[in-house]
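Biologist: I'd like to learn how to read helix packing and ring pairs. Can you walk me through them?

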Amino acid sequence: MRAVRLPPTFAPLRHRNYRLYFTGQAFSLIGSWVEQTARGWLITLLAARVATGPQAEQLASYYLGMLITIGSLPMLFGAFFGGLAADRFPKRRLIAISQTVQMLLSLGMAVLVFSGKAGVGHVFIFALLIGLTNVIDIPARQSLVSELVEKEDLAGAIGLNASLFNGSRMLGPALAGILIGALGSKDDRAVGICFALNGLSYLTLLIALFLMRGTQAVRPASKEPPLAQLREAASYLRHDRPIRTLLVLLAGYSIFTIGDWVLMPSLARFTLNADAREFGLLTSLKGVGAWLGALTVATLGSSPRRVQVLRLASIISPLVMLAIALSGRYGLVAALMPLNGFAVVCFLATTNGLLQTSTPPAMRGRIMGVHAFLMMGLNPVGGLLVGTLAQRTSAPTAMAVGAIITLCLSLLTLSRASLLNQLGERTLDE
């Protein structure tokens, strides 16, 4: 029987373990986006119950900024150790443990919401505990991909992972919006259902991990002392200027564009006068563009042209964010959201792919720990800045300031084009 030849974009799916991983994550990520949408909406509702008018908008913006800050604090202090753990211990086991804990936390939060006892403090504690598990989960999940496919399929697999993440970003918020809209945007029961659905969705990834057989790159746990391994990673980054340039760009993006999604519930509710269903539609429209962007990155694979995509996306993304912040009209924001999602994911997925395909496999977990630190560990800084600025001014103003700073940083960093070109021309070095 002749094997089916897959298009280049979907070539990584010929690997059984990656197919399992892809399928398991599909349901789990949809659940995560359902919950994340509901979490932001719950915080907005809780703020509206203790304040009115402009004060409610400012309080909601502050709560949303604090939510991301609290949830990201563990990554700020623990990302490097999470990356170290991914290089020292079996990644599948680490992921299984972290996913099980997150499942129990989501189900516990659902019980609190259904009982009517959920408050702002409970949401903050939940975010902190999820953040603690992400310290181990995220570096392990990102670096596991390289063990599920062959070397030539790695860049495509990273792109497909991004398409999966953003396809769920399209479906999850829409489902949350439908649930909340059907039961009433001020009814907490719909939020409780969203938490419960996410809790159950973790089972799919846990089953997929259990069914996997072996990996492409099994390595025994390192016997070197942890601090020696961290020093090795620091030395590698110190001497690799192209990687450093990419990480500086990513750090600025992480800090200053965080208002693009942290403040979106507040922008939708108070500036655009959107209800829960319209808010879910905005997030889904962004997910459509993000999904198309991820498929574009997956199609490019390891082509040197992905560096050109990175440059364009790093400029377009803050420009679109600035337009969204200044528009003030729901229709215009809805029209811009797909382009916003496309540019954001082209930037993030390309950055992720360049990092993984440009670093040695034995160090990939630690490098992805650095990536997790920049993407999530710096969020407390960005969340605190944007939340405080939004509280003192408004959500649109805070978003606009972040977009302008990001644009300036992108233009400055991209002036060193030759360094980024070197990353696009590298080949994996086993």
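Biologist: At what angle do helix 12 and helix 13 pack, and how far apart are their axes?

Modeller: Packed helices are described by the angle between their axes and the distance between those axes. Here, helix 12 (residues 306–327) and helix 13 (residues 330–357) pack at about 145°, with axes 8 Å apart. Axes are lines fitted to C-alpha atoms, for helices over the stretch in contact, and angles run from 0 to 180 degrees between N-to-C directions. Helices are DSSP runs (H or I, at least four residues), numbered from the N terminus.

By the way, this is a predicted model: local features need pLDDT of at least 70, side-chain atom pairs count only at pLDDT 80 or more, and totals for chains, interfaces and linings use all residues. Residues are numbered from 1 along each chain as its sequence is written, and side-chain values use heavy atoms, leaving out hydrogens and water.

Biologist: How many aromatic pairs does a search of the whole structure find?

Modeller: Rings of Phe, Tyr and Trp (its six-membered ring) pair if their centres lie within 6.5 Å; planes under 30 degrees apart count as stacked, over 60 as edge-to-face and the rest as tilted. The search finds four. One of them is Tyr-18 with Phe-22, tilted, at 6.1 Å centre to centre and 45° between the planes.

Biologist: Where do Tyr-18 and Phe-22 sit relative to each other in helix 1?

Modeller: They're four residues apart in helix 1 (residues 16–48), so about one helical turn separates them.

Terms used: Helices (H or I, at least four residues) and strands (E, at least two) are DSSP runs, numbered from the N terminus.
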